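Below is a short note for a colleague looking at this model. The points run from the whole chain to individual side chains.

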Amino acid sequence: VADLQPTFSGPVVKLMVYPPPPAKGGISVTNEDLHCLNDGEFLNDVIIDFYLKYLVLEKLKKEDAQRIHVFSSFFYKRLTQREKGSVPDRSNNLPIHKRKHNRVKTWTRHVDLFDKDFIFVPINESAHWYLAVICFPGADPPPEELPEHCRPLSPDTDVLDPAAAAGRSPPRDPPLQEALPERHALAPDLQQIGLRYADEDGALTSDEQSSSQVLAPTLRLSRARLTSCILIMDSLRGPARSTVVKTLREYLEVEWEVRKGSRRTFGKDVMKGSSPRVPQQDNFSDCGVYVLQYVESFFENPIVNFQLPINLSEWFPQQRMRSKRQEISGLILHIQAQQEADKGRVERPEASPASSEEADVEETSGSVAVQANPPLTS
């Protein structure tokens, strides 16, 4: 067990802003936030939001960044915030799911979520971080008549194929021939991801029911055949997050109505919920670090097959988590040094007339200072 660092004691000093001005939406990181990256500390919202923004801006190609949307860590908290009875609210006559949506309706005024492939929602409940990923929210709903092996046995739960439950191999889906739009093309080096069955509300089934079915990494899927779903990635196996899935479905229904001017249901038959099997933390403080790694691995090693359930237990090695806190801390300090160096160059008064040799020396030393802090690489 790592030695715990002493509790932070001020004064609080701003280290840097990312992205720096003139970019909008910069996140200020202080020495108090940096302290959260010490072993045994819980990550706060600033570190979560900073690193997620860093991943989007620095780790994704522009065309890929346009396919995703990452909500602030405050989004779900605001969406589910309890109403204060003493404060009059003109919207009290609205259904609860519409009142919830009203609290965050301005958060998407510049983005159409249904044009995105993936929406990332970091969630903190009871001092525990986990991640919800809404996949293909704008995909065409499945046809009403489902193949026999895909039909649930009851209207309330999703169950395994009867053939699989009896120990027989389930029938394979027919090959998909439709070509995927260019932005959905899958890179040839994507790893194959195994599958593991789970119920609709995210509870994983036993290991004996695991499936070894995989899709070839070069397969191209039609957007019309993509499966809308909500994946809950939690580094501590606990209760099913069915309430979270339900809340996000209801949010999407109201968002669709506001954005599209029509009604569309996002019930469990249209957008299933599932808890993929993901790497688990081995302590009580790393939940936030795992949330950040889940998103980073999603970008680096995308899920190939969205047929539920999904097994990501080998998504990344546990050893990678040993140095993750130090990696993020070093990144913050590196950005701080870069910004201070840039600020120094801007504020440095113009040099008085001097010999060309002095000018050359000053320019050279400045170049070396920049070279001394090379950009971090993944």
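**Notes on the predicted model**

1. Of the chain's contacts between residues at least 6 apart in sequence, 71% join residues at least 24 apart. The model is a predicted one. The chain contains eleven helices and seven strands.

2. The chain has 378 residues, and 41% of them are buried. Its accessible surface is about 21500 Å², with 52% of that belonging to carbon and sulfur atoms.

3. The structure has 15 salt bridges. Some of them form a network that links E296, E300, R320, K324 and E327.

4. E257 and K98 form a salt bridge through their side chains, at 3.8 Å from N to O. E257 belongs to helix α7 and K98 to helix α5 (residues 96–104), so this pair ties together parts that are 159 residues apart in sequence. With a relative accessibility of 27%, E257 is classed as partly exposed. K98 is also partly exposed, because its relative accessibility is 25% and buried means under 20%.

5. D112 and K260 make a salt bridge with an N to O distance of 3.0 Å. This pair, too, links distant parts of the chain: D112 sits in the loop between α5 and β4 (118–125), K260 sits in helix α7, and the two are 148 residues apart. D112 counts as buried at 14% relative accessibility, whereas K260 counts as partly exposed at 37%.

6. In the salt bridge between D234 and R241, the side chains come to 2.9 Å, N to O. D234 is buried, with 10% relative accessible area. R241 is buried as well, at 15% relative accessibility.

7. Side chains of opposite charge can pair when their charged atoms come close.

8. R264 is placed in the loop between α7 (242–260) and β7 (272–274). A polar atom of the R264 side chain lies 2.4 Å from the backbone oxygen of A139. Leaving aside residues up to four places away in sequence, R264 touches P137, G138, A139, D140 and P141, along with E253 and W256.

9. H69 lies in strand β3 (residues 68–70). H69 has a relative accessible area of 18% and so is buried. Apart from residues up to four places away in sequence, H69 touches V111, L113, K116, F118, I119 and F120.

10. The C-alpha atoms of H69 and D112 are separated by 9.4 Å, and the two residues are 43 apart along the chain. D112 is in the loop between α5 and β4, while H69 is in strand β3. Both residues are buried, with D112 at 14% relative accessibility and H69 at 18%.

Technical notes: Residues are numbered from 1 along each chain as its sequence is written. This is a predicted model: local features need pLDDT of at least 70, side-chain atom pairs count only at pLDDT 80 or more; totals for chains, interfaces and linings use all residues. Side-chain values use heavy atoms; hydrogens and water are left out. Helices (H or I, at least four residues) and strands (E, at least two) are DSSP runs, numbered from the N terminus. A polar contact is a pair of N or O atoms within 3.5 Å; within protein, one must be able to donate a hydrogen and the other to accept it, and residues adjacent in sequence count only if both atoms are side-chain atoms. Contact means heavy atoms within 4.5 Å. Buried means under 20% relative accessible area, exposed over 50%, partly exposed in between (1.4 Å probe, protein chains only). Accessible areas come from the Shrake-Rupley method with a 1.4 Å probe; for residues, only the protein chains shown count as cover. A salt bridge is a side-chain nitrogen of Lys or Arg within 4 Å of a carboxyl oxygen of Asp or Glu.
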